[in-house]
Amino acid sequence: MKLIIASNNKNKIREIREILRDKFDAILSLREAGIEHETVEDGTTFMENARKKADEICAISGMAALADDSGICVDALGGAPGIYSARFSGEHGNDEKNNDLLLEKLNGVRDRGAHYTAAVCISFPDGTRKEAEGYLFGTIGYERIGNGGFGYDPLFFPKDSDRTLAQFTDEEKNAVSHRGNALRALLEKL
């Protein structure tokens, strides 16, 4: 079976391919499938956004489509940035500005508990869906550390780790990440 990843985010595509590489005959990005489409992410939850993206790409392509919506939820900010993680600073996908704003909002805050959430949905041409969520709990640091990963990884210390996710190898990150946990839970349902 072929699978289209309903994303143009090269980092997400890379992680999803690494985790699912042995499960599908081919895993295509939107670009590789020749699809130019941007889903309006107007859901109120990660799952609503993932479901909408997967359904739209499945309908356009006639193929199974997998979508992920994910982000970081910070306890001291009432769960923000949450579903707005990629555009927290007002500029979609600007990791530097998003991290700067998060550090600014947490200035002087001691309780820095947070968790990553990933919602994944695969939609099939017959109208069925499979969905799963995954989480990774930890804390937000006081400065960026590490050069790997993307998003908030240089600030995020997984529980019981003295390294940020940006200091993990790709293999280490995929073994514990919210996205990895969600994809493994999804595979159990397939």
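This report walks through the sheet, the helices packed on it and some salt bridges of a predicted model.

## Ground rules

Local features in this predicted model need pLDDT of at least 70, side-chain atom pairs count only at pLDDT 80 or more, and totals for chains, interfaces and linings use all residues. Residues are numbered from 1 along each chain as its sequence is written, and side-chain values use heavy atoms, leaving out hydrogens and water.

## The sheet

Let's start with the open sheet, where six strands follow the order 2-1-3-4-5-6 with mixed pairing. Strands are DSSP runs (E, at least two residues), as are helices (H or I, at least four), numbered from the N terminus; two strands pair if DSSP finds at least two bridges between them. Strand 2 (26–29) and strand 6 (156–158) are the edges, each with a single partner strand, so one side of each has no neighbour in the sheet.

Strand 1 (residues 2–5) runs parallel to strand 2, joined by four bridges. Ile5 has Ser29 of strand 2 as its bridge partner.

## Salt bridges

The whole structure holds 17 salt bridges, each a side-chain nitrogen of Lys or Arg within 4 Å of a carboxyl oxygen of Asp or Glu. One of them joins Asp68 and Lys12 at 2.7 Å, N to O. Asp68 sits in strand 3 and Lys12 in helix 1 (residues 10–20), 56 residues apart. Both Asp68 and Lys12 are buried (under 20% relative accessible area; exposed is over 50%, partly exposed in between, with a 1.4 Å probe and protein chains only).

Asp68 and Lys12 also belong to a salt-bridge network with Glu15, Asp153, Lys173 and Arg179.
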